[in-house]
Amino acid sequence: MLDQGASVNFYMFFGGTNFGFTAGANNGGPGQYQPDITSYDYDAPMNEAGDPTEKYYKLREIIGKYLPLPKIPIPRPEPKAHYGTFKLNSCCSVLSTKGRQKLSTGTWFSRKPLSFEALNQYSGMVLYESMLPYLPADPTDLRIADIH
């Protein structure tokens with residue numbers, strides 16, 4: 001492309017991270033759910049820490065054959081902190097009373113489930129609960145035709 005004088009665009013030059021619950025996933029059909037990590041650092045010329053990768057040097061070499069390179073220093077990898085090992089302690093189950101108190105930002109009551117927008121919830125989790133009527137024929141199968 002450079003040999004032909006075409007314009008070149010790098011979609012992801014610098015690796016970065018999505019925050020919160022904005023990770024994606026691929027749906028390959030039933031049983032084929034493929035969660036995706038929250039990073040754009042798959043193969044970027046510069047990684048999340050701002051360090052040049054092998055791809056950075058290769059691209060610089062190739063571009064230098066066609067265009068004059070700027071007279072600026074190449075970024076050097078910065079030293080990384082070592083925090084050692086630390087232990088996480090379990091405090092509670094997500095659905096326990098203590099878990100709900102720690103995670104909850106409030107409780108809403110509605111006859112129908114509210115959307116994230118209606119709850120002013122940008123992302124994250126919403127726990128929907130409902131009391132089902134007692135049926136004398138317990139146990140009874142709960143059948144849900146289609147979930148949206």
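Phe13 sits in the segment before strand S1, which covers 25–27. This is a predicted model, so please keep that in mind throughout. Phe13 counts as partly exposed, because its relative accessibility is 33%. Together with Met1, Val8, Phe10 and Phe14, Phe13 makes a nonpolar surface patch of about 470 Å².

Next, the charged pairs. Side chains of opposite charge can pair when their charged atoms come close. The count here is three salt bridges.

Lys80 and Asp51 form one of them, at 2.4 Å from N to O. Lys80 is in the loop between helix H1 (54–64) and helix H2 (97–103), and Asp51 is in the loop between strand S2 (33–35) and H1, so the pair ties together parts 29 residues apart in sequence. Is Asp51 buried or exposed? Asp51 is buried, with a relative accessible area of 7%, whereas Lys80 is partly exposed at 42%.

Arg100 and Glu129 also meet in a salt bridge, 2.9 Å from N to O. Arg100 belongs to helix H2 and Glu129 to the segment after H2, so this pair too ties together parts that are 29 residues apart in sequence. Arg100 is partly exposed at 32% relative accessibility, and Glu129 is exposed at 58%.

Asp141 pairs with Arg143, with the closest N and O atoms 3.4 Å apart. Both of these residues are exposed.

Last, the largest pocket. Glu129 comes up again here: with Gly106, Val126, Leu127 and Tyr128, Glu129 is among the lining residues nearest the pocket centre. The lining has 24 residues, divided into twelve nonpolar, eight polar and four charged. The space in this pocket is about 1,100 Å³.

Technical notes. Residues numbered from 1 in each chain as written. Predicted model: local features only at pLDDT ≥ 70, side-chain atom pairs only at ≥ 80, totals over all residues. Heavy atoms only, no water. 1 Å grid on protein atoms, 1.4 Å probe; cavity = no way out; pocket = protein on both sides within 12 Å on 5 of 7 lines; lining within 4 Å. Points joined across faces, edges and corners; volume = space filled by probe spheres on them. Nonpolar A, V, L, I, M, F, W, Y, C, P; charged D, E, K, R; others polar. Patch = residues over 30% accessible without salt bridge, like charges linked within 9 Å, V, L, I, M, F, W, Y side chains within 5 Å. Areas by Shrake-Rupley, 256 points an atom, 1.4 Å probe, with all protein chains shown as cover. Salt bridge = Lys/Arg side-chain N within 4 Å of Asp/Glu carboxyl O. Helix = DSSP H or I, 4+ residues; strand = E, 2+ residues; numbered from the N terminus. Buried < 20%, exposed > 50% of the residue type's maximum accessible area, 1.4 Å probe, protein only.
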